[in-house]
Amino acid sequence: MKERPFNLVAAVSLCAIVTTAQAQGTDPLGVGRRMLTEDNPGELWIDKGKQLFHEKRGPKNASLEQCDFGVGPGKLEGASAQLPRYFPDTDKVQDLESRLLTCMVELQGFKREDVVKRAISPGGSSGSDMEALALYITSRSNGMKMNVSLGHQKEYDMYKAGEYLFFRRAGQTDFACVQCHGEANKRIRLQDLIHMTSKKGVQEVVSTWPAYRGAHYVVRTMQWRLYDCFWQMRLPELKYASDTSIALTTYLHYQGNGAVIKVPGFKR
Amino acid sequence: MQKAWLKWTLLGVPALIAAGCATAPDEATTRQIAEKMVREDFTAPAPALLKRLEQDRSQQICSKIAGAKLTQEEAAEVVKLARASIKYPASGKLVGDWKIGDKLAHDGAGDRIQGGRLEKRKQNGGLCQNCHGLAPGEINVGNVGPSLTGYGVQRGNSEAIAKLTYERIYNAWAYAPCSNMPRLGATGHLTPEQITHMVAYLIDPQSPINKR
Amino acid sequence: MAEPMKIRATLQGDVADVRILMMHPMETGQRKDSKGQVVPLHFIKNVVVTHNGKVVLDAQWSQAVSRNPFLGVRVKGAKAGDKIGVTWTDNKGDKRTDEVTVAAPS
């Protein structure tokens, strides 16, 4: 008996939202999505990432303040907007996560296998250090435009390899990325698929990762997203920070140049 | 004079590279670089599962980059290979039980690899709901492929339709070379028997998909 | 072990639009972990919001509220520079308090 007024209030409120949305000609699910992006729990990890960046950690008891993300040691503003890029010290093209891995190993003395093992946290956990760091560093490019260049030969090679891989069909599903992400207004069940062969679509991709994954209650990164796609495609497991992952990221980020970075994104 | 020219040229080359003088790699180089990545960047609980990454001839043809067009000859070759791949169930009966087909059509699980383990169940799901509309009124359905609502209503349930439907599910590329649809039977994701149940689900007048 | 909240308070006329993000597992006590063991009940049971030290909201929550909860509150009679304080207490006795200043509309 006591519960009925509450339910009525809830029902009236829901009706109000739906009616308002419809009256305004907007999609009620869209209203909900907008509310989630305005107050995104993922933001809670930005401060965590900042803390981890400055904290002395690992066997070498060092912070990441000397880590060079391409614009100078410790310089974070605008750094992730230019990633992936070529790094002379490793003679490789690296994305943000592989670069963090390099620094955590070289500067802090962590074992590579250990960092990789915990890089993707279990859903419902308090998240991994890699996820918080990747979010924090990317957030230091918020408001800036994606600006990847292919000036170095290895960058160009990486970009072309990523393009090749984007269209490479394999496995019992005969899927390449393009099968799901090559057309506008497509969805799998009720999950909208970003149209990545359009400028608008690919710009949305590159500007919204890392993102809070609602169903997992943690921040997820591009490395995780690529891994998860290959999982659904019934293909073997993509290695963390592999060249394949960096090639695909280079391809998408270059295509998405000009996108205004705004992280954390919010995904279902 | 010549020495100065040589000196300035040698200085100039690194300057040009530093200035961003990268050139587009040719197709063969890109393929070589990318295929090496495919060979090295994946793990699986058994070596046989790594073979999933190897492309067959049709997949190679159908991996057109950035909207490149399929030629007539390539399309014909894919169709020919697809037709040749079609296997029918031992019983010869192409129409199974629509109730089983209904379950399969809504099942998106099976055969995925995670954390060093293969997701093995009694049978693989049909994955249909991921991409296709099914029974009228279901909202949790994808639209990557055309809606299958009313499939049997539109086509009837003759032997010819049963055979066509079976073949399209077994290997869609026999009819639409390089279609986005997986070659579910030919790649082994589904068994011929499973496909007969899906045929029934699509064409049986009693199936929910044909409810008006 | 309580993680800091993220609080924004912006003025709209004389109403402070306060938005609070909290990091908390909010375990229902019904979930089983990968080993089949029940994950124990662990949730925020009380949230207090203060305006310049005066309590304006005192909420009793249950495990029905989801993980990493969000709370939106509109506080009447606010001015730029006012202090908004938020305190949560959970069923294990863990507590967290954070405070922000009401920002003038930009």
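User: In what order do the elements of chain B run from the N terminus on?

Analyst: From the N terminus on, chain B runs α-α-β-α-α-α-α-β-β-α-α-α-α. That order comprises ten helices and three strands. The model is predicted, and the values discussed here are computed from it.

User: How does the radius of gyration of chain B stand against that of a compact globule?

Analyst: The rule is to set the value of the chain beside the value for a compact globule with that number of residues. For 212 residues a compact globule would have a radius of gyration near 17 Å, whereas chain B has 25 Å. The box filled by the C-alpha atoms of chain B, taken along the principal axes, is roughly 95 × 40 × 35 Å.

User: How far apart are the mean positions of the positive and negative charges of chain B?

Analyst: Chain B has 27 positive and 20 negative charges, and their mean positions are 2 Å apart.

User: Which pair of chains has the most contacts?

Analyst: The size of an interface is often given as the accessible area lost when the parts come together. Here the comparison is by contacts instead: two pairs of chains touch, and the pair of chains A and B has the most contacts. Chains B and C are joined by no contact, and their closest C-alpha atoms lie 13 Å apart.

User: How is chain A divided into domains, and what separates their centres?

Analyst: The domain assignment gives domain 1 of chain A as 1-39 and domain 2 as 40-267. The centres of these two domains, taken over C-alpha atoms, are separated by 34 Å. Five residues of domain 1 are in contact with five residues of domain 2.

User: Where in chain A are peptide bonds cis?

Analyst: Most residues other than glycine have a negative phi, and most peptide bonds are trans. The bond from Leu83(A) to Pro84(A) is cis, with omega near 0°. Pro84(A) is placed in the loop between α3 (44-54) and β1 (85-87) of chain A. Another cis bond joins Trp209(A) and Pro210(A), with omega about 0°. Pro210(A) is in the loop between α9 (199-207) and β5 (211-213) of chain A.

User: Which residues other than glycine have a positive phi?

Analyst: Among them is Ala241(A), with a phi of about 60°. Ala241(A) lies in the loop between β7 (237-238) and α11 (243-255) of chain A. Its relative accessibility is 10%, so Ala241(A) counts as buried. Asn68(C) also has a positive phi, near 50°, and is placed in the loop between β4 (54-60) and β5 (70-76) of chain C. Asn68(C) counts as buried because its relative accessibility is 6%.

User: Is Ala161(A) buried or exposed, and with which residues is it in contact?

Analyst: Ala161(A) lies in helix α7 (residues 153-166) of chain A. With 0% relative accessibility, Ala161(A) counts as buried. Leaving aside neighbours within four places in sequence, Ala161(A) is in contact with Ala247(A), Thr30(B), Ile33(B), Ala34(B) and Met37(B). Lys75(A), by contrast, is 86 residues from Ala161(A) in sequence and 29 Å away in space, C-alpha to C-alpha.

Conventions:
Residues are numbered from 1 along each chain as its sequence is written. Chains are lettered from A and ligands numbered from 1 in the order in which they are written. This is a predicted model: local features need pLDDT of at least 70, side-chain atom pairs count only at pLDDT 80 or more; totals for chains, interfaces and linings use all residues. Side-chain values use heavy atoms; hydrogens and water are left out. Helices (H or I, at least four residues) and strands (E, at least two) are DSSP runs, numbered from the N terminus. The radius of gyration is taken over C-alpha atoms; the globule rule is 2.2 Å times the number of residues to the power 0.38. Lys and Arg count as positive and Asp and Glu as negative; His and the chain ends are not counted. The place of a charge is taken as NZ of Lys, CZ of Arg, CG of Asp or CD of Glu. Domain bounds come from an automatic or database domain assignment. Contact means heavy atoms within 4.5 Å. Buried means under 20% relative accessible area, exposed over 50%, partly exposed in between (1.4 Å probe, protein chains only).
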